[in-house]
Amino acid sequence: MNKIPLAIPHMSGHEMSYIQQAFDTNWIAPVGPNINLFEEKVRDYTGASYSVATSSGTAALHLALDLIGVEKEDTVFCSTFTFIASANPIIYQSATPIFIDSELETWNMSPIALEKALLQAKQQRQLPKAIIVVHIYGQPAKMNEILALAQSYGIPVIEDAAESLGSKYYGKDTGTLGELGIYSFNGNKIITTSGGGMLVSRTETTISSAKFLAEQAKEQAPYYQHEKTGYNYRLSNISAGIGCGQMAVLDKRVAQKRDIYVRYYEAFFNKLPVTFQTEIEETFSNRWLTALQFKGITPLVLKNELDKYGIEARLLWKPLHMQPVFKDAVFISENNDDQMSNAEYLFSTGLCLPSATQMTEAEQNYVIEICMMLFKQLTDNK
Ligand SMILES: Cc1ncc(COP(=O)(O)O)c(C=O)c1O
């Protein structure tokens with residue numbers, strides 16, 4: 001039996017025609033019709049007003065911070081329970097990240113910790129220049145509470161919707177709720193361009209400025225004139241062709257991911273001491289990865305055992321404030337100082353299970369069976 005992967009690219013069959021078209025018309029560049037079409041398809045799908053395709057989600061996030069004017073001496077609040085790419089662009093801008101704890105339902109930024117952090121920042125007379133809110137594993141954060149807090153302090157919110165394309169909050173797409181939103185089309189995401197991203201916004205001028213910066217900040221002049229530092233951050237027309245083909249199956253992929261979640265849920269609920277990431281009432285998750293916490297078992301032990309059976313699982317994100325590269329960063333926990341933070345608790349208790357949309361029901365049943373067996377074995381041996 002082949003290894004059962006966590007999440008891998010899943011082509012629709014429509015991609016090659018867009019790529020062939022790019023070859024036929026010689027649009028082998030980071031400009032071209034596929035890029036325009038892909039941007040339009042993402043706008044149509046998400047309801048975003050304006051969009052610019054980028055070489056990665058990280059690049060889109062970097063542009064967002066640059067557009068907001070984040071610079072040296074500024075602080076930026078960021079969810080701690082996430083992949084490092086959510087925070088790296090803060091460093092690219094020579095600004096300082098302040099990490100915010102999770103709440104234990106959606107596992108995203110805790111409004112309680114955010115309020116604490118904002119009060120503290122106000123007292124210290126240094127409000128953050130922006131707040132980066134992540135929708136982790138596809139599950140939307142508690143956006144009404146977060147946006148209300150941000151608004152009351154006049155701080156723009158950037159949504160890191162890298163993992164949550166197709167997820168909704170009160171019927172609206174994640175990525176379109178804050179001032180700016182970003183998506184990732186990395187190979188492991190719900191749809192992919194092999195590598196790529198998108199920045200979306202409600203305002204046309206923001207996106208035209210983003211395009212300007214992403215194309216080396218070339219001024220209008222008969223020669224190369226540059227008054228600002230720009231980037232080479234545009235998506236290639238070939239990659240955008242993959243994206244166009246992938247958009248045709250986005251809804252199908254969301255349905256498949258949700259079915260995968262339901263099968264795990266029905267198999268484990270009330271049979272194993274597990275807690276799943278909660279899809280709170282106002283949200284609809286694309287369930288990019290099925291993630292759960294286990295009681296009475298060390299996630300790393302379970303992950304290593306699953307590996308022996310050809311099953312790829314992954315530990316939950318190690319919180320960014322625990323990363324050596326951010327060892328000096330300020331972290332605001334939802335809990336008291338003498339208690340473990342929620343993000344650390346999640347990291348020490350949880351695992352993502354195989355969630356690839358190519359996984360057959362038989363393969364998923366095998367994963368479930370092995371999990372059941374290992375859980376019994378590992379907890380009996382204690
Ligand atoms: C939460 C999160 N933010 C940002 C990114 C960065 O996206 P990319 O890999 O396209 O740069 C990723 C994924 O890689 C991610 O999972």
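**Entry 1: the sheet**

I began with strand 10 and strand 12 (residues 290-294), which pair in the antiparallel sense over 3 bridges. The model is a predicted one. I looked up a partner for Phe276 and found Leu292, in strand 12. Next I checked what packs here. Helix 10 (residues 299-308) packs on the sheet. I noted its contacts with strand 12, strand 13 and strand 15 (350-353). The direction of helix 10 makes about 25 degrees with that of strand 15.

I found 4 strands in the order 10-12-15-13. The sheet is open, and the pairing is antiparallel. Which strands are the edge strands? They are strand 10 (274-276) and strand 13 (314-315). Each of these pairs on one side only.

**Entry 2: aromatic rings**

I searched the whole structure for aromatic pairs and got 15. I took a closer look at Trp107 and Tyr137. Their rings are 6.4 Å apart, centre to centre. The planes make 85 degrees, and the pair is edge-to-face.

Where do the two residues lie? I placed Trp107 in the loop between strand 3 (96-100) and helix 5 (111-123). Tyr137 is in the loop between strand 4 (130-134) and helix 6 (143-153). The pair therefore ties together parts that are 30 residues apart in sequence.

I also checked burial. Trp107 has a relative accessible area of 0%, so I logged Trp107 as buried. Tyr137 comes out at 1% relative accessibility and also counts as buried. The cut-off for buried is under 20%.

**Entry 3: a charge over a ring**

I looked at Arg287 and Tyr261. The charged end of Arg287 sits over the Tyr261 ring. I noted 3.5 Å to the ring centre.

**Entry 4: Lys189**

I went to the UniProt record for this one. An unreviewed entry there places the feature "active site" at Lys189. In the model, I found Lys189 in the loop between strand 8 (180-184) and strand 9 (197-201).

Is Lys189 buried or exposed? Its relative accessible area is 12%. That is under the 20% cut-off, so Lys189 is buried.

What is Lys189 in contact with, leaving aside its neighbours within four places in sequence? I listed Ala162, Glu163, Ser184 and Trp288.

How values were computed:
Residues numbered from 1 in each chain as written. Predicted model: local features only at pLDDT ≥ 70, side-chain atom pairs only at ≥ 80, totals over all residues. Heavy atoms only, no water. Phe/Tyr/Trp six-rings, centres within 6.5 Å; stacked < 30°, edge-to-face > 60°. Buried < 20%, exposed > 50% of the residue type's maximum accessible area, 1.4 Å probe, protein only. Lys NZ or Arg CZ within 6 Å of the ring centre and 35° of its normal. Pairing = 2+ DSSP bridges. Contact = heavy atoms within 4.5 Å. Axes fitted to C-alpha atoms, helices over the stretch in contact; angles between N-to-C directions. UniProt positions renumbered as here; feature names shortened; annotations may be inferred.
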